[in-house]
Amino acid sequence: MSLLRGIEQKLEGLFEGTFSKAFKSEVQPIEIARKLAKEMSDSKTISISRTYVPNQYTVYLSPQDRQQFEGWEDAARKELSDYLLQYARDEGLTLTTRPTVDFATDDRLGVGEFGIQAMLIQAPESEEAEPQQADFGHTMVYSPSQDVRRLDPRDAPAQGKAMLVGAGKRTVLSGSRVLLGRSRECDIQLDDPNTSRRHAEVRREGHAWVVADLGSTNGIKVNGHRVAEVELHPGDEVTLGLVRLRFEQE
């Protein structure tokens with residue numbers, strides 16, 4: 001039996017018994033694992049000598065399905081990470097770090113649907129030609145009733161006002177673009193020498209807000225993971241230098 005199949009059986013066994021009886025959704029952990037592997041394979045980035053694949057994955061669930069996973073997410077993250085690591089080894093694909101898998105809620109998803117966002121971060125500087133982040137931050141939705149589709153940020157329902165909270169301030173996001181950095185010209189001025197003059201921007205895309213690095217020296221992180229550009233969800237923590245800002249929506 002292959003190592004990958006062994007991990008599949010372990011993943012299936014993890015959710016047997018009480019969990020399987022309580023789990024009413026069509027979303028099953030083993031199906032998530034196989035679709036994560038598909039997204040890894042579909043998101044290859046080829047450099048001179050290696051084929052890189054994403055190392056950071058977020059699985060989005062409907063509020064009802066997310067509730068079903070409550071109490072099991074830590075174990076699921078570990079097994080799904082093992083699954084992706086073994087899949088990459090079997091396929092001869094290069095990971096810059098061990099793959100991470102996180103769970104999040106998206107109100108746009110129906111019961112039985114799940115979305116996957118795959119991102120490549122922390123590419124090695126020593127590679128002959130650094131891998132580029134391809135189509136960064138989009139989400140693919142898998143559903144039992146229809147073909148796989150891309151989740152368009154413009155499909156999001158209208159939300160109340162969005163805010164960045166932190167550093168003793170509560171800033172309401174307005175217009176289509178908010179600039180963050182040390183410069184006085186920035187909409188949100190950051191009093192931290194570890195940030196660049198024009199460090200990042202938060203821009204509106206449809207009903208969603210996206211944070212993007214503007215070529216800063218120290219980069220940005222969202223929920224502890226370094227990113228180049230990613231859609232923000234309520235509760236996300238954005239780190240710029242030593243400044244931490246929490247994204248909220250009312």
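**Exercise 1. The largest nonpolar core**

Task: In this predicted model, find which members of the largest nonpolar core touch the most other members, and which elements each supply at least two of its residues.

Solution: Start with the membership, which comes to 29 residues. Within this set, Ile32, Leu36, Met40, Tyr57 and Phe103 touch the most other members. Next, turn to the elements: α3 (29–42), α5 (73–91), β3 (56–61), β4 (100–105), β5 (114–119) and β6 (139–142) each give at least two residues to this core. Helix α5 has the largest share, with seven residues. Now pick Ile32 and leave out residues up to four places away in sequence: its contacts are Val27, Val59, Phe69, Leu80, Phe103, Phe114 and Ile116. Finally, look apart from this core and you will find another one, of 22 residues, including Leu173, Leu180, Ile188 and Val243.

**Exercise 2. A glutamate in a helix**

Task: Decide whether Glu73 is buried or exposed, and list what Glu73 touches beyond four places in sequence.

Solution: First place the residue: Glu73 belongs to helix α5. Its relative accessible area is 13%, and buried means under 20%, so Glu73 counts as buried. Then check its contacts, again skipping residues up to four places away: Glu73 touches Arg66 and Phe103.

**Exercise 3. An open sheet**

Task: Work out the strand order of the open sheet of five strands, then follow the pairing of β10 with β12.

Solution: The order reads β11-β10-β12-β13-β16, and the pairing is mixed. At the edges sit β11 (188–189) and β16 (229–231), each pairing on one side only. Inside the sheet, β10 (residues 177–181) runs antiparallel to β12 (residues 200–205), over four bridges.

Definitions and conventions:
Residues are numbered from 1 along each chain as its sequence is written. This is a predicted model: local features need pLDDT of at least 70, side-chain atom pairs count only at pLDDT 80 or more; totals for chains, interfaces and linings use all residues. Side-chain values use heavy atoms; hydrogens and water are left out. A nonpolar core is a set of buried Ala, Val, Leu, Ile, Met, Phe, Trp, Tyr and Cys residues joined through side-chain atoms within 4.5 Å. Buried means under 20% relative accessible area, exposed over 50%, partly exposed in between (1.4 Å probe, protein chains only). Contact means heavy atoms within 4.5 Å. Two strands pair if DSSP finds at least two bridges between them.
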